[in-house]
There are 2 protein chains.
Amino acid sequence: MSRRNEILDRAGELFSTRGFHATSMRDLAEAVGLQGGSLYAHIASKEDLLFEIVNKAADAFLRQAELVPRDLEPEARLRALVRGHLEVIVRELPRAKVFFDEWRFLSQDYQRRIKERRDAYEAYFRETIATGIAQGLFPQQDARLASLFVLSALNWVYQWYHPDGPLGLEALSEQYANLILAALRNARPEPIAAPGSGS
Amino acid sequence: MSRRNEILDRAGELFSTRGFHATSMRDLAEAVGLQGGSLYAHIASKEDLLFEIVNKAADAFLRQAELVPRDLEPEARLRALVRGHLEVIVRELPRAKVFFDEWRFLSQDYQRRIKERRDAYEAYFRETIATGIAQGLFPQQDARLASLFVLSALNWVYQWYHPDGPLGLEALSEQYANLILAALRNARPEPIAAPGSGS
């Protein structure tokens, strides 16, 4: 591994456990066995490092979504998107944590760049769900709220998933996809029973 | 509002936007119009303040869950738990943000106290789902994973909910509960079609 990649990995671990603000350049230099000053030969600033980590996580999520064939049926497509999302979280947990927890500490300009990529990523889910609604696979519902629901359920996994726990990526992905597809196929507004109405 | 509650509210807002580590006692003193030193007449330390905010959020979540009648059917009970959870997020957004984002910066001892309360709260969801499984309302599935799925979908709402947006608490709660109940009622392991099998 190059020295630069090593710095990125160690920084990802430190930011994900202590938080960006509570990690000093000195902590990082110590973790990679460099003098504080020599770190600046490899990186411009702590914030640039944060951006690079967050941006690499965005790469990973987008790459998974791009891999899903466009011509799959909406349900198979969504199943593959769910699998890809969970794969990034499971395989790159520290980076995913930094992506979700620490990106808000980026400067406005960096935040905007990440926000654009998050929006592009979310669109894969929203458009797949919208196609499913249009094809009558999912009953009429709000595609935006449905995709927020799905991504919420997916995103929070980084909070509780333990790589050493009993639940592997395949079982997790399958059960999650089953729950998500069951929700989308069957969610209908509850008819409110009018008191006294016979219908 | 007492001076102490005002300090808690301002601290909640600052911690939720800037983060705990990036908020100084000086920032907080300025926000409430006190000299830095006088703040210590009201609070012992920044960390105690964080604990108090996080603990008040835990109070709010637990109070909602305790309000749900024990004798409701599992589906109605889950609907009420979903409504209560979203009510806390929607009505106390800064405090909820601090609860979810900043609690990891508490000391081990404080973290353990909060963790116990989170576990007690999650048990309301898990036990309600387990009852639904036992009664045959929800097909056989892993109650723990199902409750993690449900709480994941619920927790992440603090990340995207805008109190000034078009979606009010009632509509959000109803659509979320519909999706969650549809998932639990209908999620079954996908039968894997054996190639060449006629069934």
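**Helix packing and chain pairing**

Mentor: Start in chain B, where the axes of helix α4 (residues 74-91) and helix α7 (residues 143-155) come within 10 Å and cross at roughly 30°. Axes here are lines fitted to C-alpha atoms, for helices over the stretch in contact, with angles running from 0 to 180 degrees between N-to-C directions. Helices (H or I, at least four residues) and strands (E, at least two) are DSSP runs, numbered from the N terminus.

Trainee: So are α4(B) and α7(B) roughly parallel or roughly antiparallel?

Mentor: The crossing makes α4(B) roughly parallel to α7(B). Angles under 35 degrees count as roughly parallel, over 145 as roughly antiparallel, 65 to 115 as roughly perpendicular and the rest as oblique.

Trainee: Which residues make the contact?

Mentor: V82(B), H85(B), L86(B) and I89(B) come from α4(B), and L151(B), L154(B) and N155(B) from α7(B). Contact means heavy atoms within 4.5 Å. By type, the contact of α4(B) with α7(B) has five nonpolar residues, two polar and no charged. Ala, Val, Leu, Ile, Met, Phe, Trp, Tyr, Cys and Pro count as nonpolar, Asp, Glu, Lys and Arg as charged, and the others, Gly among them, as polar.

Trainee: Before we go on, what kind of model is this, and how are things numbered?

Mentor: It's a predicted model: local features need pLDDT of at least 70, side-chain atom pairs count only at pLDDT 80 or more, and totals for chains, interfaces and linings use all residues. Residues are numbered from 1 along each chain as its sequence is written, chains are lettered from A and ligands numbered from 1 in the order in which they are written, and side-chain values use heavy atoms, with hydrogens and water left out.

Trainee: Okay, chain A. How many helices and strands does chain A have?

Mentor: Chain A has nine helices and zero strands. Its C-alpha atoms fill a box of roughly 80 × 30 × 30 Å along the principal axes.

Trainee: What does α1(A) meet in α3(A)?

Mentor: The axes of α1(A) and helix α3 (residues 46-67) of chain A come within 10 Å and cross at roughly 90°. That makes α1(A) roughly perpendicular to α3(A). Among the residues meeting there are I7(A), L8(A) and F15(A) of α1(A) and L49(A), L50(A) and I53(A) of α3(A). The contact of α1(A) with α3(A) counts seven nonpolar residues, two polar and four charged.

Trainee: And α1(A) with α2(A)?

Mentor: Helix α1 (residues 3-18) and helix α2 (residues 25-32) of chain A have axes that come within 10 Å and cross at roughly 125°. They are therefore oblique to each other. The contact of α1(A) with α2(A) splits into six nonpolar, no polar and five charged.

Trainee: Switching topic: how is chain B related to chain A?

Mentor: A rotation of 180° with 0.0 Å of shift along its axis puts chain B on chain A, RMSD 0.0 Å. That is the relation of a two-fold axis. The same surface serves both copies, since 98% of the contact residues of chain B recur in chain A. Copies are superposed by least squares on the C-alpha atoms of residues with pLDDT of at least 70 in both.

Trainee: Where does the salt bridge between D101(B) and R104(A) sit?

Mentor: D101(B) and R104(A) have their closest N and O atoms 4.0 Å apart. D101(B) lies in helix α5 (residues 93-101) of chain B and R104(A) in the loop between α5 (93-101) and α6 (108-134) of chain A, so the pair joins two chains. A salt bridge is a side-chain nitrogen of Lys or Arg within 4 Å of a carboxyl oxygen of Asp or Glu. Over all chains, the structure holds 30 salt bridges.
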